[in-house]
Amino acid sequence: MELIIIFVLLPVSLSLSLPIYVKLGAVLLAVSYVLIVVAKTAMHAYGTAVLSNGLDEPSTESLFSRPFRKGGVSFPFMVLKRVLVLFSVFALISTLFVAIYLPSKLFIVVSQAPMMWIAIIFVYVLLSVLPQEGLYRVFFFRRYRSLFFGEQHVNKTKRLFAKENVIFVTVNALLFSLAHLFFFNIIVLLLTFCGGVLFASTYLQSYKYRSAYLIICIEHACYGLWLFTVGLGEMLAFPMPSD
C-alpha cells in the first residue's frame with residue numbers, strides 16, 4: 001500500500017486539476033513520511049551495530065548508505081565508465097538531431113543566456129536530481145527489493161538481465177515515468193522510462209558500493225542538463241530563451 005500511495009497515487013494526483021496547495025501539501029506529506037522512514041531505519045541500523053559490534057563500528061546499512069566492498073575496490077569504476085560511454089553516444093546523437101532538425105535551438109541557452117544556464121545547473125541538481133534519485137533509486141531499492149526477490153534472495157541475484165532484475169528495473173522505470181505524467185507529453189514519458197531503465201540498471205550494478213548514489217546522480221544530471229544545454233530543455237519544462 002505504501003508503494004501505491006507514494007509512487008502511483010501521488011504522481012497521478014499531481015496531474016489532476018487540483019488546487020496548488022493540495023498538491024504541495026501532498027508532496028510535503030510524502031516527503032516527510034519518507035524522511036521519517038529513512039531516519040528510523042538509520043537509527044535501527046545504528047542500534048543493531050551497537051549491540052553486535054560496539055560503538056566503534058556503527059553500521060552503515062541504512063537506506064542511504066552501503067558499506068565498502070570487503071576485499072575489493074571501493075568505487076565501481078567500470079560502472080562509471082559505462083555511464084560515460086553511453087552518455088557520450090547520447091550526446092553525439094542528440095547534438096546531430098538538433099543540428100539537423102532544430103538548428104535555431106542548438107546550444108541556444110549557452111549562447112544567449114549563459115548566466116541562466118549556470119543557475120539552472122545548480123537548481124536542477126539540487127531540487128530535481130538529488131531528491132528524485134534518493135526516492136526512486138535509493139529509497140525504492142532498499143525499501144521494496146524484498147517484494148520482488150524475497151528476503152532470502154534479495155542480495156543473491158548477480159546478473160543484470162536475470163528475470164528478477166529485469167522485472168524490478170522495469171517496474172522502477174514505469175513508476176519513474178509516471179512521476180512525469182503532469183507534463184502530458186508522450187515523448188517525455190518515453191524518455192523518462194528509458195532514463196528510468198538506465199538509472200535503475202546503473203544503481204543495480206553499483207548497489208553494493210557506498211558511491212552508488214553519487215554515480216546515479218551524476219548520470220541523471222548529465223542527461224537532464226545535456227538536453228537543456230543542447231536545446232531540448234523546453235520539452236522538460238526548463239526555461240528557454242526564444243529563438
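This is a predicted model: local features need pLDDT of at least 70, side-chain atom pairs count only at pLDDT 80 or more; totals for chains, interfaces and linings use all residues.
Residues are numbered from 1 along each chain as its sequence is written, and side-chain values use heavy atoms, with hydrogens and water left out.

**Aromatic pairs**

I then asked how many aromatic pairs the structure holds, and the count is 21. For a pair, the ring centres of Phe, Tyr or Trp (its six-membered ring) must lie within 6.5 Å, and planes under 30 degrees apart count as stacked, over 60 as edge-to-face and the rest as tilted. One of the pairs is F7 with F140, which is edge-to-face at 5.2 Å centre to centre, with 85° between the planes. This pair links distant parts of the chain, since F7 lies in helix α1 (residues 2-14) and F140 in helix α5 (residues 114-149), 133 residues apart; helices are DSSP runs of H or I with at least four residues, numbered from the N terminus. F7 counts as buried because its relative accessibility is 0%, and F140 counts as buried because its relative accessibility is 0%. F139 and Y144 also form an edge-to-face pair, at 6.1 Å centre to centre and 85° between the planes.

**A charge over two rings**

I found R145 over the face of F168, 6.0 Å from the ring centre, and also over the face of Y207, at 5.1 Å from the ring centre. The rule I applied is that NZ of Lys or CZ of Arg is within 6 Å of the ring centre and within 35 degrees of the ring normal.

**N172**

Is N172 buried or exposed? N172, which is found in helix α6 (residues 163-178), counts as buried because its relative accessibility is 0%. Leaving aside neighbours within four places in sequence, I listed its contacts (heavy atoms within 4.5 Å) as Y136, R137, F140, F141, G196 and A200. For R137, I noted that its C-alpha atom and that of N172 are separated by 7.9 Å, although the two residues are 35 apart along the chain.

**I20**

Lastly I looked up I20, which is found in helix α2 (residues 20-53) and counts as exposed because its relative accessibility is 59%.

Note on methods:
Helices (H or I, at least four residues) and strands (E, at least two) are DSSP runs, numbered from the N terminus. Buried means under 20% relative accessible area, exposed over 50%, partly exposed in between (1.4 Å probe, protein chains only).
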